[in-house]
Amino acid sequence: MRGFLLSVGLVAVLYTLNAAFTGGLGPALAISPYFLQVICLAGINVILAVSLNLINGFTGQFSIGHAGFMAIGAYASAFVTVTFGEKVRSALSFLPMEARNDILLVVALAVGAVLAAVAGFLVGVPSLRLRGDYLAIVTLGFGEIIRVFILNIDAVGGARGYAGIPKLANFFWIYFFAAVTILIVYRIVRSSFGRTLVAIREDEIAAEAMGVDTTRSKVISFVVSSAMAGVGGGLFGHYLMYLHTNSFTFLKSIEIIIMIVIGGLGSITGSVLGAVLYIAMTEGLREAAQYRMILFSLLLIVIMIVRPQGILGHREFASFLTRRRRLPTVPPAPIR
Amino acid sequence: MALLDLSSVTMRFGGLIAVNELDLQLDAGHLYGLIGPNGAGKTTVFNVITGVYTPTSGKIRFNGAEIGGQKTVRITRRGIARTFQNIRLFGDMSVVDNVKVAFHCRQGADVGAAVLRSPKHSSEEARVERESLELLKIFRLESLAGEKARNLPYGSQRRLEIARAMATSPKLLLLDEPAAGMNPHEAQELMDLIRWVRDRFGMAILLVEHNMKVVMGICEIVHVLDYGSTVAIGKPAEIQANPEVIEAYLGGA
């Protein structure tokens, strides 16, 4: 019941904010289109970072292929709206236009998520046998394969890029799915299954010996993470209305990794913070013109020197608010 | 029929024969010791039994089923649990979570249930929490339940490893040097604990140990290995008097 009320409240807040930002509640509350776009891209980054953290942070499997799964979600969902959009809209003609668009978006995102999950499965099963650097290289390779593959599909624009995608995503949907992503990852991590993931990160051999099917756990976390990256990609395409494979190079994967590393691997709130901070730094430094990337790199270096474990480390933000309780060190009682 | 039955198991790494035609029978409810000089193949025997290695030849039957070469997970789920010579705890997880991980293989609810917070998942979580704390109480770790495993003192880490292995509800428990690095007082406590665990849960325990006081103090049958082959099998007193064992340890006169 409490959960239900919270979700209704969240949807209401997001809906109101969406209206306010776009000027629906009077010009005083509207924000500039540039600023709105930055906020929306930050939301997409949150989805990507939190989902990648499930693999890299919690399961400890270093993947550099996230942009590939994002690309699959982006292109697949854009293809759905561009190709079948009119059919879906006319089939739902009894609904108001806005509702039709929302349904279309959700269906397209679902298709993108499923395809990204399938790709995650196909990539994950062979790659996740590898550890450390080897896994990183293989996932990087698969990410690039996916990108080049899409680059050669003429139906989605090929090297010209994919134009003409309707603008179906907005602040509301981006932050709605960011919340869903956070909720899913939070619940997974705080479950029996989630403990097996952290156990794999801590010591794979011991996890196996304690009856954890490590391959299965790793593949599931990879698939779930890929699906969520697919949703992030779908929102990206439907927000910017244009897709090009250049947005999904391995540099994009590295960007997402930077977000989770500065936020703290293995911390959901850390990933959110890292994603927002990343875009705040890159956009905030635009004033600095040609020195922008130099300053940005310096900031990253400073963060890594001051907080090598990431800003929040392994911990969640809330754990800093409650005073750390020292457990009493009771002298052990004799056996029996 | 024996609970665990190794018949002429050989494990070869290239030209090195780590375990040579080993026969080993363990019955439920007994305490066994596996001793031998460094490099005798004791840990390899553990790794073969738990599926880390597939034996080059020979049969391993557990509870009537052939388990040689099966994946470690399957063997653990059949009822063989182990601890490690160099402690392998999940360092960044809390003490109670370490134990909870080991309960996972007996839990039914999975990812979907976790995301949807199904009643089944919640009730299982509550049960696992309760049973984990009970187990920690047995091993006198309940006051440290919320502490990170890596922050525990050495002796407690060893106890936690045994507690974690117990959470998989094993029929056979393999302990790889449980008393390593313990002072005499801690070793004595450990002996009491191992004996008590065996009496309470009635499983078979096989331990590899260099601390002879521990081995001779609690094991009912001691199996001596040297160069991968059996040198002697017998009661502790017989082993201590056996000239071949003395020769294996001290070298021939």
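Reader: How many bridges join strand E6 of chain B to E7(B), and do they run parallel or antiparallel?
Author: Three bridges join E6(B), residues 80-82, to E7(B), and the two run parallel. Strands here are DSSP runs (E, at least two residues; helices are H or I, at least four), numbered from the N terminus. Two strands pair if DSSP finds at least two bridges between them. The model is predicted: local features need pLDDT of at least 70 and side-chain atom pairs 80 or more, while totals for chains, interfaces and linings use all residues. Residues are numbered from 1 along each chain as its sequence is written, and chains are lettered from A and ligands numbered from 1 in the order in which they are written.

Reader: Which residue is the bridge partner of B:Ile80 in E7(B)?
Author: B:Leu172.

Reader: And E8(B), how does that pair with E7(B)?
Author: In the parallel sense, over five bridges; E8(B) covers residues 204-208. B:Leu175 stands opposite B:Leu207 there.

Reader: What do E7(B), H7(B) and E8(B) make?
Author: A right-handed β-α-β unit. Right-handed means that, with the strands pointing away from the viewer, the path from the first strand over the helix to the second runs clockwise.

Reader: Is E7(B) mostly covered or mostly uncovered?
Author: Mostly covered: five of its five residues, 172-176, are buried (20 or more other C-beta atoms within 10 Å of a residue's own, with C-beta atoms placed from the backbone). B:Leu172, B:Leu174 and B:Asp176 point one way, B:Leu173 and B:Leu175 the other.

Reader: Other topic. What is the strand order in the open sheet of chain B?
Author: E2-E1-E4-E5, with antiparallel pairing. The edge strands are E2(B), 16-26, and E5(B), 65-66, each pairing on one side only.

Reader: Which helix packs on that sheet?
Author: H1(B), residues 42-49, touching E1, E2 and E4 of chain B. The direction of H1(B) makes about 65 degrees with that of E2(B) (axes are lines fitted to C-alpha atoms, for helices over the stretch in contact; angles run from 0 to 180 degrees between N-to-C directions).

Reader: How many residues does the contact take from chain B and from chain A?
Author: 39 from chain B and 31 from chain A. Contact means C-beta atoms, placed from the backbone, within 7 Å. Elements giving two or more residues on the chain B side include H5(B), 119-138, and H7(B), 184-201.

Reader: How do the residues on that side of chain B divide?
Author: Into 15 nonpolar, 10 polar and 14 charged. Nonpolar covers Ala, Val, Leu, Ile, Met, Phe, Trp, Tyr, Cys and Pro; charged covers Asp, Glu, Lys and Arg; the others, Gly among them, are polar.

Terms used
Two residues are in contact if their C-beta atoms, placed from the backbone, lie within 7 Å. A residue is buried if 20 or more other C-beta atoms lie within 10 Å of its own, exposed if 12 or fewer, and partly exposed in between; C-beta atoms are placed from the backbone.
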